[in-house]
Amino acid sequence: MKVLLIDDHPLILAALQSVIQGLGDNVTVSTASSGQTARDALSADHNFDLVLLDLHLGEDNGFDLLAELRTAYPALPVVVISASDRTSDVIRAIDMGAMGFVPKRATNETLIDALQQVMKGGVYVPPMSMGSDFNPGRAPAPVPTIQQEAVQAGFQSVPSLIQLGLTPRQCDVLALLLKGQPNKLIARELGLSVETVKDHVAAVLRALGVSSRTQAVIAVSQMLQKQSGFSAWRPNVR
């Protein structure tokens, strides 16, 4: 497995590289200290299996680079590694197609678990409480967890994946939806019409009790952290 780390802090790069080597003897880790270095690395080598991206890259905006990577390499999973743990940043990153968001204050074990979940086809979001933006002059508000944030955004209580009652084709659609694929690409991948895909997406959202793709990603991610993992539930879609 080939991993590209994008971070402009040498000490962070070295620490992350050491941790990721723990994924196995077959793991090769390359590093990039800027957006341009990352572009060059990906252009020169199309065999990367995973990208870890810091949101703060000096002159480069991490969210802009995330959007660029998702457009240029839609099949390449990107996991955000950030000093920020704000709910808004987590949701924005997932909404833009990141396959995971790991705060830098997370433990090494959490990072390894997150990356393993992503490589199995799942999406990782942190179960810990998310920080809130500092607002001087106002009393601090209670800090919601990412799950609570999703509930407040319109979630209902979600059953286990096995209890969702999705058809095999709806499971295929959900698998690609979790990878950030738009309806047109899902339709092309599965040999379906765009209208049929829209119907399946609507059915999946209803089954999950959510109203948006981002909420669906968060819901499934939280559920998978308590169950056997996405690959065990739906292994057929790549």
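**Figure 1. The buried face of helix α2.** In this predicted model, helix α2 (residues 35-44) has Gly35, Ala38 and Leu42 as its buried residues; buried means under 20% relative accessible area, exposed over 50% and partly exposed in between, with a 1.4 Å probe and protein chains only. Seen down the axis of α2, these buried residues fall within an arc of 60°, so they line one face of the helix. The arc is taken over the directions from the helix axis to the C-beta atoms. As a reminder, an α-helix has 3.6 residues a turn, so residues three or four places apart point the same way. The buried residues of α2 pack against β1 (2-6), β2 (28-32), β3 (50-53), β5 (60-61) and α3 (62-72), where contact means heavy atoms within 4.5 Å. Helices (H or I, at least four residues) and strands (E, at least two) are DSSP runs, numbered from the N terminus.

Figure 2. Five strands make an open sheet in the order β2-β1-β3-β6-β7, with parallel pairing; two strands pair if DSSP finds at least two bridges between them. At the edges sit β2 and β7 (100-103), each pairing on one side only. Neighbouring strands of this sheet are turned by 20° against each other on average, direction ignored. Helix α2 lies across β1, β2 and β3 and runs at about 165° to β1, while helix α5 (residues 108-119) lies across β3, β6 and β7, at about 140° to β3. Axes here are lines fitted to C-alpha atoms, for helices over the stretch in contact, and angles run from 0 to 180 degrees between N-to-C directions.

**Figure 3. Strand β7 and its partner β6.** Strand β6 (residues 78-82) runs parallel to β7 and is joined to β7 by 4 bridges. One of the residues to look for is Ser82, whose bridge partner in β7 is Pro103. From β7, Gly100 and Val102 point one way, Phe101 and Pro103 point the other way, and all are buried.

Figure 4. Look for Ser84 in the loop between β6 and α4 (87-95). Ser84 is buried, with a relative accessible area of 10%. Leaving aside neighbours within four places in sequence, Ser84 is in contact with Asp89, Phe101 and Pro103. Ser84 and Arg105 are 21 residues apart in sequence and 9.1 Å apart in space, C-alpha to C-alpha.

**Figure 5. The α8 and α9 pair, with Leu192 in the loop.** Helices α8 (183-190) and α9 (194-208) have Leu192 in the loop between them. The two helices pack at an angle of about 105°, with their axes 9 Å apart. That makes α8 and α9 roughly perpendicular to each other, a label used for angles of 65 to 115 degrees, whereas angles under 35 count as roughly parallel, over 145 as roughly antiparallel and the rest as oblique. Asn183, Lys184, Ile186 and Ala187 in α8 meet Val194, Val197, Lys198 and Val201 in α9. Leu192 is partly exposed, with a relative accessible area of 24%. Beyond its neighbours within four places in sequence, Leu192 is in contact with Arg169, Ala187, Val197 and His200.

**Notes for all views.** Residues are numbered from 1 along each chain as its sequence is written, and side-chain values use heavy atoms, with hydrogens and water left out. Because this is a predicted model, local features need pLDDT of at least 70 and side-chain atom pairs count only at pLDDT 80 or more, while totals for chains, interfaces and linings use all residues.
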